[in-house]
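User: I would like the terms used for this model set against their cut-offs. Please go through them one at a time.

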Amino acid sequence: MVNYNIKRFCWVFGVLLIALYLLIVFLRGHVGDYNVSHLWSDLSSSISITAIIAFTFEKWLWKLSIFKGWLVPFPSLAGKWKGTINYSWNNEENSKDIHLTIHQTFLRIQIIIETDESKSRSICGSFDIEKMRGRQHLIYSYLNEPNATVRDRSQIHYGTAMLEFNDSGETLNGTYWTDRKSVGDMNLKKV
């Protein structure tokens, strides 16, 4: 599985906290001042600023190319995707159009798939990226909830998908399988 660089993330923000603390102490003229209220005020300010920066990084800044590779090992796949699903279920082969939406932050990914008959939402998701083995996959498990009108032939079920993406992050192709013994292939392009 991909190394999320959590240790490096913590180190970067730990060093940032210390640097901000020292900068605030210097700017406020508290160098050598051992007044507890000044020390507490300076520490509180530096923690608040670091928390705001960390929140902003987790939501948006992680997408910047300056962080790619050394801190962020995976691409941004967030957005709308459109494609087809070819599946086998109950000894029948079929195809459907699908719409996929990915919501992604540095620490979280949510995948939603919609067809004309159902909606799937991911329960968990992660990346499997090993360039040496040529692997770049988004792997997730999901809960599929068919529309009420088709539940007599299509029950609520769980499944897992493994989708390969290219370096540009413009295509997703892969397979899925479910606990109701259906399997299929998905081919998607970013809209």
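This is a predicted model: local features need pLDDT of at least 70, side-chain atom pairs count only at pLDDT 80 or more; totals for chains, interfaces and linings use all residues.

Analyst: Residues are numbered from 1 along each chain as its sequence is written, and side-chain values use heavy atoms, without hydrogens and water.

User: Why is the pair of Trp62 and Phe74 called tilted?

Analyst: Rings of Phe, Tyr and Trp (its six-membered ring) pair if their centres lie within 6.5 Å; planes under 30 degrees apart are stacked, over 60 edge-to-face, and the rest tilted. Here the centres are 5.7 Å apart and the planes stand at 50°, so the pair is tilted. The whole structure holds 13 aromatic pairs.

User: What makes Trp62 count as buried or exposed?

Analyst: Buried means under 20% relative accessible area, exposed over 50%, and partly exposed in between (1.4 Å probe, protein chains only). Trp62 has 0% relative accessibility, so it counts as buried. Phe74 has 2%, so it is buried.

User: How do you know that the charged end of Arg180 sits over the ring of Trp89?

Analyst: The definition asks for NZ of Lys or CZ of Arg within 6 Å of the ring centre and within 35 degrees of the ring normal. The charged end of Arg180 is 3.8 Å from the centre of the Trp89 ring and is assigned as sitting over it.

User: What makes strand 7 and strand 8 a pair?

Analyst: Strands (E, at least two residues) are DSSP runs, numbered from the N terminus. Two strands pair if DSSP finds at least two bridges between them. Strand 7 (residues 171-178) and strand 8 have seven bridges, in the antiparallel sense, and Trp177 stands opposite Val183 in strand 8.

Methods. Helices (H or I, at least four residues) and strands (E, at least two) are DSSP runs, numbered from the N terminus.
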